[in-house]
Amino acid sequence: MRLGAIEAGGTKMICAICDENGNIYERMSTPTLTPAETLPAMHKFFEDHEIDCLGIACFGPLDLKKDSPTYGHITTTPKLAWQNCDIVGYFSDLGVPVGFDTDVNGSVTGEATFGIARGIKNVVYFTIGTGVGAGILCEGNLVHGMLHPEGGHVLLTKHPDDPMEGSNCPFHPNCFEGLCAGPALQKRWGVPGKDLTEREDVWDMEAWYIAQALVSYTMILSPEIFILGGGVSHQKRIFPLVRKYYAQFMNGYLKTKQLEDLDSYIVCQSLDDNQGLLGAAIIGKNALEAK
Ligand code: ZN
């Protein structure tokens with residue numbers, strides 16, 4: 001089966017041809033400019049490759065309601081050029097079934113199909129990078145609800161030593177994304193995250209915030225594993241710190257085999273940053289099978 005996949009991100013769009021076994025045969029990447037500048041090259045890529053279906057895992061917010069007149073659109077994104085972009089409609093003339101979901105639901109699908117969460121039915125995947133988002137698999141199903149989870153905007157208690165006034169989110173003075181995404185790090189410390197790799201205090205505070213969010217997600221969703229991806233996941237030193245604060249905040253309240261082994265409970269993405277793309281391919285395959 002030839003599965004077309006798009007991982008639509010805020011900085012770049014990745015298009016690929018995959019198969020149902022997690023192989024990626026060809027890929028093309030293009031910067032995310034405006035739809036008029038970016039989409040034609042992506043369309044051309046799929047015109048040039050025969051595909052059976054297409055899956056799109058996209059930055060949001062998105063309209064995922066199949067019965068909505070604006071199904072398949074990117075909606076109120078702060079990336080203004082992409083507001084109300086009918087990204088699913090743009091590819092409909094390829095004549096193949098098109099699956100559509102959030103970027104992070106793509107990633108959790110990738111990890112649950114091919115990666116570290118294979119065979120696990122309750123999984124929370126966080127991307128912590130330019131923004132923060134959560135892809136949620138609950139009893140084997142992707143969670144959408146009234147819209148889709150916006151897992152980066154859960155509210156956190158501010159660290160008493162946080163030097164940043166408010167947060168970096170225009171909507172919330174103390175949300176996960178506003179406190180933990182890359183731009184928040186830059187705002188807090190005055191330099192980009194990549195120049196902060198040696199600063200223990202930076203990652204200690206970052207981990208303190210991430211652990212708070214994870215504890216809340218544990219209480220509400222009871223996931224069997226947490227996977228962290230995005231730029232922050234490349235800071236390997238953060239994982240022991242997140243586990244340490246997670247245990248501290250949990251304070252022994254729950255006893256499960258997962259919580260006895262936090263090294264296996266809070267883990268790094270396992271697919272070399274291909275989890276979103278491979279998940280998009282599976283979302284496309286699911287659309288084909290639903291036909
Ligand atoms: Zn927010």
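Mentor: The area buried between domain 1 and domain 2 is about 560 Å², and carbon and sulfur atoms give 55% of that area. Keep in mind that this is a predicted model. By class, the side of domain 1 that touches domain 2 consists of three nonpolar, one polar and two charged residues. Despite the charged residues on that side, the count of salt bridges between domain 1 and domain 2 is zero. Polar contacts are present, however: three residue pairs between the two domains are in polar contact, both residues of each pair being at pLDDT 80 or more.

Six residues from domain 1 and seven residues from domain 2 take part in the contact.

Now the background. The protein chain contains nine helices and ten strands. Its C-alpha trace spans about 55 × 40 × 35 Å along the principal axes. The radius of gyration is 19 Å, which agrees with the value near 19 Å that a compact globule of 291 residues would have.

One loop deserves a separate remark, namely the one between strand E4 (53-58) and helix H2 (87-90), where proline 61 is found. The peptide bond that joins glycine 60 to proline 61 is cis, with omega at about 0°. Asparagine 84 also lies in the loop between E4 and H2. Its phi is near 65°, a positive value in a residue other than glycine.

Notes:
Residues numbered from 1 in each chain as written. Predicted model: local features only at pLDDT ≥ 70, side-chain atom pairs only at ≥ 80, totals over all residues. Heavy atoms only, no water. Contact = heavy atoms within 4.5 Å. Buried area = accessible area lost by both parts, 1.4 Å probe. Salt bridge = Lys/Arg side-chain N within 4 Å of Asp/Glu carboxyl O. Polar contact = N/O pair within 3.5 Å; in protein donor to acceptor, adjacent residues only side chain to side chain. Nonpolar A, V, L, I, M, F, W, Y, C, P; charged D, E, K, R; others polar. Helix = DSSP H or I, 4+ residues; strand = E, 2+ residues; numbered from the N terminus. Rg over C-alpha atoms; globule rule 2.2 N^0.38 Å.
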